[in-house]
Amino acid sequence: TRWPRDWSSDVCSSDLQVMTEQFGNPSSVHKMGIEASGIVETARRHVAAILNAEPSEITFTSCGTEATNTAIFGACRRRGQGKHIITTAIEHAATLNTVHKLEQEGFEVTYLQPDADGHISVSDLREAIRPDTVLLTCMLANNEVGTVLPVKEFGKILKKKAPKALFHIDAVQGLARLPIKPKLWNADFISVSGHKIGAPKGIGALYIKKGTRIAPLMYGGGQERGLRSGTENVAGIVGLGEAIRYADENMEKNMAYVKGLRDRLIEGVLKIPYTHLTGDPVNRLPGTASFVFEAIEGEGLILRLDNAGVCGSTGSACSTGSLDPSHVLMAIGLPHEIAHGSKHKKLGEQNTEEDVDYLIEKITYVVKTLRDMSPVWDEMISGQPMLKMFDNK
Ligand code: PLP
């Protein structure tokens with residue numbers, strides 16, 4: 001390869017090119033290093049554009065979890081601030097386990113509880129805010145049931161009642177699916193992750209509102225304006241930038257298409273008896289369909305569907321192989337045995353109507369097969385559905 005090349009232009013670069021041709025370290029002062037730095041800055045502009053932010057407000061991290069840890073620890077360990085955190089019971093483990101850690105260090109945490117559709121109430125938040133509240137951390141949309149949270153109202157109330165408290169939004173599921181508006185939402189931090197939108201796994205980013213001063217999680221060479229030391233994952237960063245650039249240009253068209261697929265899937269799957277949609281039926285992520293099937297073990301369902309070439313999840317795909325029922329489904333009030341029989345499916349613009357019809361056919365078949373083998377099902381079909389909460393859905 002001849003140097004220099006026009007790596008910093010907006011049109012070139014892919015993560016593969018970076019791994020096979022452009023080996024520069026963005027911190028190096030030679031030409032190849034300066035070019036690598038140009039590539040990183042191009043990607044930063046793409047991330048900033050989709051987050052409606054300035055490039056200087058974007059810090060690259062190794063994943064969504066690191067972005068969230070940086071925001072939560074950073075906000076809570078500011079000197080002279082209070083010791084009260086507000087979050088919700090339906091957060092991803094990246095948030096819940098981080099606030100648990102702070103609880104062990106002496107912070108008090110209020111966990112706002114969802115209703116049966118996964119909504120978190122604005123008035124519950126209003127009541128929870130205290131003069132010593134230091135942070136509100138919540139998701140934009142839930143990764144399991146897909147319900148979108150009212151972050152704009154949350155931000156408004158937080159800043160009115162506790163002006164010094166900071167607001168972190170985990171937008172990992174919302175990236176490139178919902179518009180992201182930090183200023184309108186009064187957000188101080190927004191976490192995103194690459195692998196939800198087709199970028200490589202192991203890359204994330206954190207929006208930090210201009211002027212917000214926090215301590216970093218990692219100390220070292222001072223990369224990322226001192227907020228995230230360590231040599232940058234240039235290939236991952238370029239992959240994230242390019243995935244975002246593509247998604248941003250096509251978001252409206254793609255999401256309208258994906259919504260159509262999701263609704264087709266929901267309509268087809270709900271024809272299976274004793275099957276229920278979880279999450280808000282309307283105000284939900286465009287590509288997320290989530291169900292519970294009475295008298296079914298979620299793991300059996302997932303394994304059999306896997307054999308048929310269908311990938312789905314029971315709990316969070318990002319929590320390693322746990323067989324416990326989902327904390328989200330338990331929080332929305334499902335009994336333990338029903339929460340076990342869950343499945344959620346994420347659809348993307350690469351899916352087709354044929355994929356969805358295949359999925360409906362396989363789910364219908366596998367649910368029937370599993371129920372035919374289940375003693376619980378025999379008892380059920382002679383009686384009532386176990387789930388009173390879904391009676392009128
Ligand atoms: N937050 C939510 C809502 C997620 O769905 C995930 C993972 O999918 C994460 C955080 C963690 O992101 P990462 O796997 O990049 O650490």
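Student: Which residues of helix 12 are buried?

Tutor: In this predicted model, the buried residues of helix 12 are Val-356, Leu-359, Ile-360, Ile-363, Val-366, Val-367, Leu-370 and Arg-371.

Student: What covers the buried residues of helix 12?

Tutor: The cover includes helix 8 (234-269), helix 9 (298-307) and helix 13 (375-381), together with strand 8 (275-277), strand 9 (288-293) and strand 10 (342-346).

Student: What span should the 20 residues of helix 12 have?

Tutor: At 1.5 Å a residue, helix 12 (residues 353-372) should span 28 Å. Its end C-alpha atoms are 29 Å apart, which agrees with that expectation.

Student: How many residues has the largest nonpolar core, and which have the most contacts inside it?

Tutor: In soluble globular proteins, nonpolar side chains tend to be buried together. Here the largest nonpolar core has 66 residues, and those with the most contacts inside it are Leu-51, Ile-169, Leu-175 and Ile-190. Helix 8 supplies the largest share of this core, eight residues.

Student: With which residues is Ile-190 in contact, leaving aside its neighbours within four places in sequence?

Tutor: Ile-190 is in contact with His-168, Ile-169, Ala-171, Ile-180, Pro-182, Trp-185, Ala-205, Leu-206 and Tyr-207.

Student: How many disulfides does the structure hold?

Tutor: A disulfide is a covalent bond between the sulfur atoms of two cysteines. The structure holds zero disulfides. For Cys-76, the nearest cysteine sulfur is that of Cys-138, 14 Å away. Cys-76 counts as buried because its relative accessibility is 4%, whereas Cys-63, at 25%, counts as partly exposed.

Student: Where is Ala-176 found, and what is its phi?

Tutor: Most residues other than glycine have a negative phi. Ala-176 is found in the loop between strand 5 (166-170) and helix 7 (182-185), and at 7% relative accessibility it counts as buried. Arg-225 also has a positive phi, near 55°. Arg-225 lies in the loop between strand 7 (204-208) and helix 8, and counts as partly exposed at 46% relative accessibility.

Definitions and conventions:
Residues numbered from 1 in each chain as written. Predicted model: local features only at pLDDT ≥ 70, side-chain atom pairs only at ≥ 80, totals over all residues. Heavy atoms only, no water. Helix = DSSP H or I, 4+ residues; strand = E, 2+ residues; numbered from the N terminus. Expected span 1.5 Å × (residues − 1). Buried < 20%, exposed > 50% of the residue type's maximum accessible area, 1.4 Å probe, protein only. Contact = heavy atoms within 4.5 Å. Core = buried A, V, L, I, M, F, W, Y, C linked by side-chain atoms within 4.5 Å. Disulfide = S-S within 2.5 Å.
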